[in-house]
Amino acid sequence: MKKSGRMNAPRLWLVIAKSYRALSLLAEQSIANTGLCLTDFVALEALLHKGPLTISEIQDKVRLASGSMTAAVDRLEKLGLVVRRSSPNDRRARVVELTAQGKRLAASCFARHAKDLEALMSVLSEREMDQLYGSLKKLGLLAADKLDQQEAKVKSSKEQTRKSMSDLRTSHN
């Protein structure tokens with residue numbers, strides 16, 4: 001099958017999807033080579049770069065389910081890599097913080113992972129990386145905006161349906 005020289009959206013999407021799958025697998029292998037599972041790694045990395053956070057704040061940063069994040073923090077706490085402390089701002093909240101040992105391990109694992117990613121991205125020049133970053137960021141922001149618009153439409157539609165149902169009930173009473 002002969003490929004046309006013209007770039008089109010479906011062809012570009014396929015290249016992005018295939019690249020993402022391969023890059024994700026290599027990134028996950030890199031993380032596995034640190035001796036940590038993905039969930040533990042991302043929790044340690046978030047705490048390393050953002051400082052003490054609540055479990056829900058870690059979840060928001062790394063986009064993992066609540067149960068997965070709680071289990072990861074439990075494991076990391078048992079290993080002496082993190083501690084849970086009371087929040088100074090909210091007595092009900094618990095803040096997760098790296099221990100000295102946790103900081104050393106997180107920094108070491110992240111440095112190794114970053115080195116693996118740098119080697120992987122070395123196929124691109126700095127200019128190409130800047131262009132790719134800008135293009136993907138632009139595309140991602142557009143997609144996120146479209147998703148927000150769709151979510152707003154669905155929410156508005158549900159509210160209109162509830163109002164109509166409420167009006168119906170009121171008119172029948």
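What volume does the second largest pocket have? In this predicted model, where local features need pLDDT of at least 70, side-chain atom pairs count only at pLDDT 80 or more, and totals for chains, interfaces and linings use all residues, the second largest pocket has a volume of about 290 Å³. Residues are numbered from 1 along each chain as its sequence is written, and side-chain values use heavy atoms, with hydrogens and water left out.

A pocket here is an open set of points on a 1 Å grid over the protein atoms alone, where a 1.4 Å probe fits and protein lies on both sides within 12 Å along at least five of seven lines, and its lining residues have an atom within 4 Å of a point. A volume is the space filled by probe spheres set on the points, which are joined across faces, edges and corners.

The lining of the second largest pocket includes Trp13, Tyr20, Leu136 and Lys146, and H6 gives the most to this lining, with 6 residues. By class, the lining holds 8 nonpolar residues (Ala, Val, Leu, Ile, Met, Phe, Trp, Tyr, Cys and Pro), 1 charged (Asp, Glu, Lys and Arg) and 1 polar (the others, Gly among them).

The largest pocket holds about 1200 Å³ of space, and among its 26 lining residues Tyr20, Leu23, Met121, Leu132 and Leu136 lie nearest its centre. Two or more lining residues come from each of helix H1 (9–32), helix H5 (100–121) and helix H6 (126–172), where helices are DSSP runs (H or I, at least four residues) numbered from the N terminus.
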